Amino acid sequence: MGWPQPSCASSTPASKTSTSRPSGLDRRNTLQLAQGAWLKAHENFIITGLTGTGKTWLACAFGCPAARLDHTVLYLRMPRLFEDLAMARLDGRFPRLIDKLARVQLLILGDWGTHTLNDQQRLDLLENFERALQAQITMMIFPRKNGQG
């Protein structure tokens with residue numbers, strides 16, 4: 001697949017992320033995550049927040065240090081991933097695509113929950129990603145609507 005690779009050249013480090021009161025970020029937790037111990041411990045994490053609050057930027061701010069430490073990092077929007085999986089299934093590239101995803105050490109998945117999944121997409125998540133996600137770290141980004149806790 002021809003997915004774009006993240007560019008970290010001009011990214012602000014996560015340690016410089018503003019933790020002002022309106023953002024709701026806890027400075028101590030943000031600094032701890034920026035140090036990358038979660039990478040060494042192979043821990044996954046989820047970022048939630050309202051649309052436009054910088055969830056993707058924050059995920060990439062944590063992903064760039066991982067790339068600098070020679071981890072392979074891939075950011076994908078879930079709708080695009082499902083489109084690519086469907087096309088790969090049709091043209092016979094599906095096993096190679098799953099193998100490619102399995103080799104990524106940090107997979108950042110954006111726009112979870114923005115679309116309803118069909119039966120095939122649910123099967124892809126349950127059956128095929130089980131193998132791919134066992135050996136990697138995953139960061140998921142879920143948008144939240146106003147009023148959701």
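1. Basis of the model. Residues are numbered from 1 along each chain as its sequence is written, and because this is a predicted model, local features need a pLDDT of at least 70, side-chain atom pairs count only at pLDDT 80 or more, and totals for chains, interfaces and linings use all residues. Side-chain values use heavy atoms, with hydrogens and water left out.

2. Confidence. The mean pLDDT (the predictor's confidence in each residue, from 0 to 100) is 79 for the chain, and 76% of its residues reach 70 or more. Confidence is highest in helix α4 (residues 78-91), at a mean of 92, and lowest in helix α6 (residues 119-133), at 76.

3. Overall make-up. The chain holds six helices and four strands, where helices (H or I, at least four residues) and strands (E, at least two) are DSSP runs numbered from the N terminus. Read from the N terminus, the order of these elements is α-α-β-α-β-α-α-β-α-β. Of the 149 residues, 34% count as buried, a term that stands for under 20% relative accessible area, with exposed meaning over 50% and partly exposed lying in between (1.4 Å probe, protein chains only). Among contacts (heavy atoms within 4.5 Å) between residues at least 6 apart in sequence, 81% join residues at least 24 apart.

4. D124 is buried, with a relative accessible area of 4%, while R89 is partly exposed, at 35%.

5. A salt bridge involving D91. The side chains of R93 and D91 meet in a salt bridge with an N to O distance of 2.8 Å. R93 is partly exposed at a relative accessible area of 22%, and D91 is partly exposed as well, at 45%.

6. Packing of α4 against α5. The axes of α4 and helix α5 (residues 94-103) come within 7 Å and cross at roughly 140 degrees, where axes are lines fitted to C-alpha atoms, for helices over the stretch in contact, and angles run from 0 to 180 degrees between N-to-C directions. The two helices are therefore oblique to each other, given that angles under 35 degrees count as roughly parallel, over 145 as roughly antiparallel, 65 to 115 as roughly perpendicular and the rest as oblique. On the α4 side the contacts are made by L81, D84, L85, A88 and R89, which meet F94, L97, I98 and L101 of α5.

7. Cysteines. The structure holds zero disulfides, a disulfide being a pair of cysteine sulfur atoms within 2.5 Å. For C60, the closest cysteine sulfur is that of C64, at 6.3 Å, which is too far for a bond. C60 is partly exposed, with a relative accessible area of 25%.

8. Q121 lies in helix α6 and is buried at 17% relative accessible area; leaving out residues up to four places away in sequence, Q121 touches F82 and T116. T56 sits in helix α3 (residues 55-68) and is partly exposed at 32%. With residues up to four places away again not counted, T56 touches Y75 and I141, and the C-alpha atoms of T56 and Y75 are 9.2 Å apart although the residues are 19 apart in sequence.

9. Positive phi values. D70, in the loop between α3 and β2 (73-77), has a positive phi of about 70 degrees although it is not a glycine, and D70 counts as exposed at 69% relative accessibility. D111, in the loop between β3 (106-110) and α6, likewise has a positive phi, near 60 degrees, in a residue other than glycine, but D111 is partly exposed, at 23%.

How values were computed:
A salt bridge is a side-chain nitrogen of Lys or Arg within 4 Å of a carboxyl oxygen of Asp or Glu.
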